[in-house]
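Good morning, colleagues. Please look at the model on the screen while I describe a few of its features.

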Amino acid sequence: MSKHASYWKANLRLVFGCLVVWFLASFVFGILLAEQLNSIRLGGYKLGFWFSQQGSIYTFVALTFFYAWRANKLDHEFGVREE
Amino acid sequence: MDLQTLTYIVVGATFALYIGIAIWARAKSTSDFYVAGKGIPPVLNGMATAADWMSAASFISMAGLIAFYGYGGSVFLMGWTGGYVLLAMLLAPYLRKYGKFTVPEFIGDRYYGRSARILAVLCLIIASVTYVIGQMKGIGVAFSRFLETDYDTGLYIGMGIVFIYAVMGGMKGITYTQIAQYCVLIFAYTVPAVFISMHLTGNPIPQLGLGSKMADGSGMFLLDKLDETLKGLGFAEYTTNARLSTFNMFVYTMSLMIGTAGLPHVIMRFFTVPRVRDARASAGWALVFIALLYTVAPAVGAMARMNLMDTIQPAPGQWLEVEQRPQWFKNWEKTGLLKFEDKNGDGRIQYVADKEKNEMVKVDRDIMVLANPEIAKLPNWVVALVVAGGLAAALSTAAGLLLAISSSISHDLLKGVFAPNISEKAELMASRIAMAGAIAAAGYLGLHPPDFAAGTVALAFGLAASSIFPALMMGIFSKTMNKQGAMAGMLVGIGITLFYVFQHKGIFFIADWKYLESWGSNWFMGIEPNAFGAIGAVFNFATAFLVSKVTAPPPEHIQHMVEDIRVPSGAGSATGH
């Protein structure tokens, strides 16, 4: 496999992994399982409600930086970094 | 000093600041500052992107919707932040690598043809004009309160100011002005929230205050108290009240997320960063600055609702006397956006869920953020600051969108397709006319907007989600997606979404032009029209896939182009505007 093709494969794996977390933090914990999670409390917050109005957003921020960091590392590893 | 004078001063001072920075920046070095982001660190570029992004929908409207929908309002919070994750991972780095200036340009090149480019322009115009209607609603609300007139007059004045602002270049492209706008906006949003959170819970950090106990000595958590108060009056429980259904919320959130990644004015920012890795970092920083407002918004919403309920019902069973109603209440009555009716003639205002007995007959959701500091009895300078912040948010985004609309007409349609030999002067003229036309159309439709500001903007996101996002994504992630497939997908996606939206809201959002009303509302799996973009996108992807299977694959050089944009190395320098 060419260098570029294997770089792309590694990148797709990274994106897929990040999108799983993205989906869990918002759609699963904030919507689909919100009712069940609401029986757990985080201070005055019900947990499902917290994920939908706070937790998901914090996760998104962390995730975007994680992705940027990993993707830059991939650029290095595969020698496709810009000058 | 009375509120109106103070508001003039604060609004005037912030505008002077923006103009001052624009002149200073221009005098220093012309060319550098037009390449937005060039030589500017990703942190500041992210801040400017955040100012660009957060509009009247985020600032003026969203917390008000959360105040009344409670948990159901979460769709806006997750949708308008989660979209950045998609943008950062699925689009921004690759579009930056490609290195052209507009979204239709990319679509035209990737799908090898003018027809694809024209179709992309049309989709963008439809989505952007809808977006501007939402801004107009927000601007109308802000001006009507600030000038103490009715909503329609406020809207007309707002239209005039938007036009002047946009023709002046909207002060866009000058990153430092946008950084100043962000600072004004976030300061104006956070200050009242800190005061109110401190007052209600003793915790100055709104994100924590929302999860804290009330400071009134009851020992109850704020959210529990709110749930209890609302349930007692027959309203839905704040923290669990889903928007129509779980499925509808899922689809709504998805629609906003992929719409975020399909709107031109945000994507454009990533065309202009110096390197591919800056595109990744800028998306992250933009999200940090957006999250600062978006994590405060739920606290603003819940606390505003709490204070509103407490004002109208100061003690259990003790309703507000008509004669005793506070000044802010009377001021908002003048705008026509707040109305009560003493139905039972007891000289008091009852606010309950039962429509027959409810006397708060109109509470426009879009007034909540602006009214919030007054309801909480904060000093006048805070109130004035919020008006200035709301106007900064609405005007900067409206101007940005209008520039995107007018440049796609003059640059993509006229110069790119229909009249390649057009002179620069004529091109500029055409863009001014397009801008005036778009303001007039959006302003007219803003007199009877299809929804509250954030709801209207959600419709715009749905339209972008169903047309542009799939075309861009397939253009990067599939080498075999061809012109026929992508175009059929865009047509079906936006067509089906427009059909559903117009059936509910009327053709071009003119309420008299509804059709098929016998089909009822939300008939497709209980999904509301604002959320339908995600369904449109599914149809778009499916159609594109099927059509591309039975038509000729894209030419060799296009496949090479796709391989090339996937790898950062060899990116050219940033495009200037």
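Helix 11 of chain B and helix 15 of chain B make a left-handed crossing, meaning that the near helix is turned anticlockwise from the far one by less than a right angle (clockwise would be right-handed). Helices here are DSSP runs of H or I with at least four residues, strands are runs of E with at least two, and both are numbered from the N terminus.

This is a predicted model, in which local features need pLDDT of at least 70 and side-chain atom pairs count only at pLDDT 80 or more, while totals for chains, interfaces and linings use all residues. Residues are numbered from 1 along each chain as its sequence is written, and chains are lettered from A and ligands numbered from 1 in the order in which they are written.

To return to the crossing, which residues of the two helices make the contact? Helix 11 of chain B contributes B:Leu222, B:Leu223, B:Leu226 and B:Thr229, and helix 15 of chain B contributes B:Ala302, B:Arg305, B:Met306 and B:Met309; contact requires C-beta atoms, placed from the backbone, within 7 Å.

I turn now to the two chains. Their contact takes 36 residues from chain A and 43 residues from chain B. On the side of chain A that touches chain B, helix 3 of chain A gives the most, with 16 residues.

Finally, B:Leu402 touches B:Val132, B:Ala166, B:Met435, B:Ala438 and B:Ile439, leaving aside residues up to four places away in sequence. B:Leu402 and B:Leu185 have the most contacts inside the largest nonpolar core, which has 218 residues. Such a core is a set of buried Ala, Val, Leu, Ile, Met, Phe, Trp, Tyr and Cys residues joined through C-beta atoms within 7 Å, where buried requires 20 or more other C-beta atoms within 10 Å of a residue's own (exposed is 12 or fewer, partly exposed in between). Helix 18 of chain B gives the most to this core, with 20 residues.
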